[in-house]
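Here are my notes on this model, for when you have it open.

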Amino acid sequence: MVLVAGTGGWYAAGGGRSTVGPAPAEGPEEEVVAPLARSMHLPWPREGQASVAVEGIGSLGTRGEQKPVPIASVTKVMTAYVILKDHPMRADAPGATVVADRRAADESYSSVETTAPVLAGREYTQRRLLELMMVPSGNNVARLLARWDADDEKAFVAKMNRAAAGLGMRATTYTGVSGMEASTRSTAADQLRLARAAMKDPVFRQVVATASVTAPGAGVTFRNTNKLLGHDGVIGLKTGSSTPAGGNLVWATTQEVAGVSRLVLGVVLHQRAGTTPAEGSAAAHEASRALITAIRADLPEAVNRA
């Protein structure tokens, strides 16, 4: 078994004045790198893949061969995206009520995957289950939500692949809802496309910015697996690591540019693949931190230079 550890249009973050026009179509267009990116010398990771873009400005580039690779628990970004498409919620609302089944409860404690404790027959809010899936990266909760939504996990996976196709994620294939399966594969460019779409939803933004969550009835509190959260303007997004996937991190930060708070999204995949999940995760965090630091430091001046 493989140990797995959990990690279109844009909005203007932080309430700043936005100069963004209508949201572009989310079809499979080719990447267009913003002119200012040429003057920025970003510390791209030396291995794997990475892709970065800025709200209202455009792509800062993509590095590494965009060959589909395992993405581990980054898979859960699509799981949450589909759940929120099928069961929309208002910001700050609890959402629908979900009853945990026996399978989810039995899978709560595992030595081979990340889980979050739930009690069979207990009612949970949709929001709390999304938090338990995204914050500590509970695989059992991802599968519970999939069964709640589609009655069957395979049927939910089919929804995930249809959603990916609709977003133009041509190099992505989902084979499970949690990322436990190494056969779920994607690219940094595709996952950036998904992150852009998912961050339109205020509930998704709130969930991925959650620093910690307590499992009701279990008395256990989990901290977010994204160690960058709360530093350097980071407001999300999702970690994922395993031996075949290496370390992966989809991140979101903000930076003020000419009086406008801009959302910056990045994806780093396949760091230290073939090592331990802990080593891969550390490498993904380090690579992401380097990119975030450089972008936040140089972006305002790069806009002036362009």
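**Notes on E11 and its surroundings**

1. Ala 258 has a positive phi near 50° in the hairpin of E11 and E12, where 2 residues sit between the strands. Strand and helix labels are DSSP runs numbered from the N terminus (helices H or I, at least four residues; strands E, at least two).

2. A word on the ground rules: this is a predicted model, with local features needing pLDDT of at least 70 and side-chain atom pairs counting only at pLDDT 80 or more, while totals for chains, interfaces and linings use all residues. Numbering runs from 1 along each chain as its sequence is written, and side-chain values use heavy atoms, leaving out hydrogens and water.

3. E11 runs antiparallel to E12, joined by 10 bridges (strands pair if DSSP finds at least two bridges between them). Here Leu 249 faces Val 268 in E12.

4. On E10 (residues 234-242), the pairing with E11 is also antiparallel, over 8 bridges. Ser 241 is opposite Gly 247 in E11, and a hairpin of 3 residues links the two strands.

5. Why call E11 (residues 246-257) largely enclosed by the rest of the structure? Because 11 of its 12 residues are buried (under 20% relative accessible area; exposed is over 50%, partly exposed in between; 1.4 Å probe, protein chains only).

6. Now the loop between E12 (260-271) and helix H8 (277-305), where you'll find Thr 275. Thr 275 is buried at 18% relative accessible area. A polar atom of its side chain lies 2.6 Å from the backbone oxygen of Arg 272. Leaving aside residues up to four places away in sequence, Thr 275 touches Thr 243 and Gly 280 (contact: heavy atoms within 4.5 Å).

Technical notes. A polar contact is a pair of N or O atoms within 3.5 Å; within protein, one must be able to donate a hydrogen and the other to accept it, and residues adjacent in sequence count only if both atoms are side-chain atoms.
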